[in-house]
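Take a look at the model below. Then read on, one part at a time.

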Amino acid sequence: MARRLLAAALAALALAVAGCSEAGLDASNAPTRTAGQAVGPDGKPIVEAGQKGADFSVPSLDDGDPITLADYRGKPLVLNFWASWCGPCKRELPDLVAFATAHPEIAVLGLAVNDDPSDSRKFAEKYRVDYDLGVDDRARVAGEYGATGLPVTIYLDREGRILGSRFGGVTEADLDAFAKSVA
């Protein structure tokens, strides 16, 4: 438990200090990795493939109602950590929106990390995001999933087990590969 809290605190600090690192986290130099390869600031694995995803409850960006991981049981889930001020997040969003529309059998949830909710709403409206959005205002959930920068995408199966992760912007090819793996 103490390790998870420390990891969450370190991730929150890294996000607050480094913000969205376009140089270190863009799609050109951030290959898709299995969750077992995801490492935290200390270089140690944060999550393991097959591990149950960390439970969370965050307010919905729309109405403040709680959103939990349990809400998505029974469907594969693309869990995306993003912020309106993040360049790679802006570049990946059209692919996420198109994927959510093309694959209604797979849930997509975006969590705005360390972002002003009004900026997050404007961002979501600009890109016509029609999947669920929540607020991770202190990067607590992002830290639980090992995010040390943005964007980060976690792929979960129908039971909420971690299948893999993507550090940096996701692409249409990444998302299609996930859809095929859970079909």
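## The overall plan

How many helices and strands does the protein chain have? The protein chain has six helices and eight strands. Helices here are DSSP runs of H or I with at least four residues, strands are DSSP runs of E with at least two, and both are numbered from the N terminus. Starting at the N terminus, the order of elements is α-α-β-β-β-β-α-β-α-β-α-β-β-α.

This is a predicted model: local features need pLDDT of at least 70, side-chain atom pairs count only at pLDDT 80 or more, and totals for chains, interfaces and linings use all residues. Residues are numbered from 1 along each chain as its sequence is written, and side-chain values use heavy atoms, with hydrogens and water left out.

Of the 183 residues in the protein chain, 51% are buried. Buried means under 20% relative accessible area, exposed means over 50%, and partly exposed is in between (1.4 Å probe, protein chains only). Now consider contacts, meaning heavy atoms within 4.5 Å. Among contacts between residues at least 6 apart in sequence, 74% join residues at least 24 apart.

Helix α4 spans residues 117-126, and its buried residues are S120, F123 and A124. They sit on the same side of α4, because they cover an arc of only 95° around the axis. The arc is that of the directions from the helix axis to the C-beta atoms. The face turned away from that buried side carries the exposed residues K122, E125 and K126.

What covers the buried residues of α4? The cover includes β4 (77-82), α3 (87-102), β5 (107-113) and β6 (132-136).

S84 is found in the loop between β4 and α3. Its relative accessibility is 12%, so S84 counts as buried. Leaving out residues up to four places away in sequence, S84 touches K90, D115, D119, S120 and F123. S120 and F123 are among the buried residues of α4.

Most residues other than glycine have a negative phi, and most peptide bonds are trans. N114 is not a glycine, yet has a positive phi of about 50°. N114 lies in the loop between β5 and α4. Its relative accessible area is 24%, so N114 is partly exposed. Just after α4, R128 takes a positive phi of about 55°. R128 is not a glycine either. R128 lies in the loop between α4 and β6. Is R128 buried or exposed? R128 has 69% relative accessibility, so R128 counts as exposed.

## Helix α6 and its partner α3

Helix α6 covers residues 172-182. Which residues of α6 are buried? They are D174, L175, F178, A179 and V182. These residues cover an arc of only 135° around the axis, so they lie on the same side of α6. On the other side of α6, E172, A173, K180 and S181 are exposed.

α3 and α6 pack at an angle of about 30°, with their axes 9 Å apart. Axes are lines fitted to C-alpha atoms, for helices over the stretch in contact, and angles run from 0 to 180 degrees between N-to-C directions. That angle is why α3 is roughly parallel to α6. Angles under 35 degrees count as roughly parallel. D95, L96 and F99 of α3 meet E172, L175, D176, F178 and A179 of α6. By class, this contact has five nonpolar, no polar and three charged residues. Ala, Val, Leu, Ile, Met, Phe, Trp, Tyr, Cys and Pro count as nonpolar, Asp, Glu, Lys and Arg as charged, and the others, Gly among them, as polar.

## L77 in strand β4

L77 is found in strand β4. At 1% relative accessibility, L77 counts as buried. Leaving aside neighbours within four places in sequence, L77 is in contact with L69, Y72, A107, V108, L109, I154, Y155, L156 and F178. F178 is also one of the buried residues of α6. L77 and E159 are 82 residues apart in sequence and 9.6 Å apart in space, C-alpha to C-alpha.

## A cis peptide bond

Where is P151? P151 lies in the loop between α5 (140-144) and β7 (152-156). A cis peptide bond joins L150 and P151, with omega at about -5°.

Methods: Parallel < 35°, antiparallel > 145°, perpendicular 65-115°, else oblique.
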